[in-house]
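Biologist: Hi! Could you walk me through this structure? I'd like to go topic by topic.

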Amino acid sequence: MTAPPARRGAGHAACHHGELLQGVFLDATGRRCAGLVTLPMTGMGSRAEFTRLPGTPPERLTVLPGDRTKAARAAALTVAECAPRRREPPCGGELRITGDIPVGLGMGSSTSDVIAVVRAVADSYGVRLAPSTVARLAVRAELACDPLMLDARPALFAQREGRVLEVLGPRLPPLVVVGCALGGGAPVDTLALPVPAYDESDVRAFERLRAQLRRAVATGDAALLGRVASASARRGQQLLRHPEFDTLTGIGRRLGALGVQIAHSGAVAGLLLDPAAPGLRHRIRGCVRALDSNGIAATRVFTTFSPLPTTKEFPSGPAHRGGHRPTRPDTPRRPARLPAL
């Protein structure tokens, strides 16, 4: 008797450029929830291919590269989710993951891997999973996840619960972001960071920032969004303590930036510029020169709106050297550079 044929599926997920807002917020019942609003970025991402092997035991799962343990958990969870929908027994398979997102910089690399895998496994079953289901599987696979399974609408997302607390509006105001990497681009060990202890006054402050961000999105007020992102970045700095943070904010003030944003669990940051302001190209060049002259690696320029104008990558600086995953015999290195759109 011949074995059932192998069935292949593919999936992709993008990344983000850190957060515009992160803290503790109240959900619809008044309960405190950790939440965040990410700054979306296209161009980079993770891709996964899953070949399921009907008739094999579900624990027979091979993963390349072999260090993607969260992605492997996501594959097993998704098989268990999708197989009953097709009235088939769970089975094993072969999973291959590729991508170009630097790890440890706060760009959602692990979540991107996980979501690409969930989509690839579901595709192999011919199943389309709802974003809420993808979020639930991602949280089970990695304990907390970024909202990369959602569409482009800005949303306050409870990363440890995998649910949307609030959709803030249809789209972010137009912004040009001059990205950079703090700390020389060295990965941040988020597990080593202290757990913040927020009191009632902190929650009220975060709720005020949430209301301001909601208004900025509703009215297209880029300047207000910049103030919210800067306030959130300053609060995040209490834990991250980037030594270049004051320099970054000083460059922004001097060159007319609307504000700054940072990854609250990584090293990427950005100067937020108004694309409608006069002399935009001159100010972008000025920001890049000022960052480089102060030892902060400028990485890329991108926007929050479409169609996207020409963007530029700045390949100099320590943030672009070498790889960003530990080398192992079965682990190909992905370069830790931030390619242009």
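This is a predicted model: local features need pLDDT of at least 70, side-chain atom pairs count only at pLDDT 80 or more; totals for chains, interfaces and linings use all residues.

Biologist: What percentage of the residues is buried?
Modeller: Of the 341 residues in the chain, 54% are buried. Buried means under 20% relative accessible area, exposed over 50%, and partly exposed in between (1.4 Å probe, protein chains only).

Biologist: Let's turn to H4. How does its reach compare with the expected value?
Modeller: Helix H4 covers residues 200–219, and its 20 residues reach 29 Å from first C-alpha to last, close to the 28 Å expected at 1.5 Å a residue. The expected span is 1.5 Å times one less than the number of residues.

Biologist: Which of its residues are buried?
Modeller: In H4 they include Val203, Phe206, Leu209, Arg210 and Leu213. Down the axis of H4, the buried residues fall within an arc of 160 degrees, so they line one face of the helix. The arc is that of the directions from the helix axis to the C-beta atoms. Ala218 and Thr219 are exposed, on the face of H4 turned away from its buried side.

Biologist: What covers that buried side?
Modeller: The cover for the buried residues of H4 includes E1, strand E2 (32–53), strand E5 (155–158), strand E6 (163–167) and helix H5 (222–240).

Biologist: Nice. Where is Leu21, and is it buried or exposed?
Modeller: Leu21 is in strand E1 (residues 7–26). Leu21 is buried, at a relative accessible area of 1%. Beyond its neighbours within four places in sequence, Leu21 is in contact (heavy atoms within 4.5 Å) with residues including Leu36, Val37, Leu209, Arg210 and Leu213.

Biologist: How many aromatic pairs turn up?
Modeller: The whole structure has two aromatic pairs. In one, the rings of Phe25 and Phe206 have centres 5.7 Å apart and planes at 55 degrees, so the pair is tilted. Phe25 lies in strand E1 and Phe206 in helix H4, so this pair ties together parts that are 181 residues apart in sequence. Rings of Phe, Tyr and Trp (its six-membered ring) pair if their centres lie within 6.5 Å; planes under 30 degrees apart count as stacked, over 60 as edge-to-face and the rest as tilted.

Biologist: Which residues form the aromatic cluster?
Modeller: Phe25, Tyr198 and Phe206 form one aromatic cluster. Phe25 and Phe206 are buried, while Tyr198 is partly exposed, with a relative accessible area of 28%.

Biologist: Last topic: how many disulfides?
Modeller: The count is zero, taking a disulfide as a pair of cysteine sulfur atoms within 2.5 Å. Cys33 is buried at 2% relative accessibility, and Cys91 is buried with a relative accessible area of 5%.

Methods:
Residues are numbered from 1 along each chain as its sequence is written. Side-chain values use heavy atoms; hydrogens and water are left out. Helices (H or I, at least four residues) and strands (E, at least two) are DSSP runs, numbered from the N terminus.
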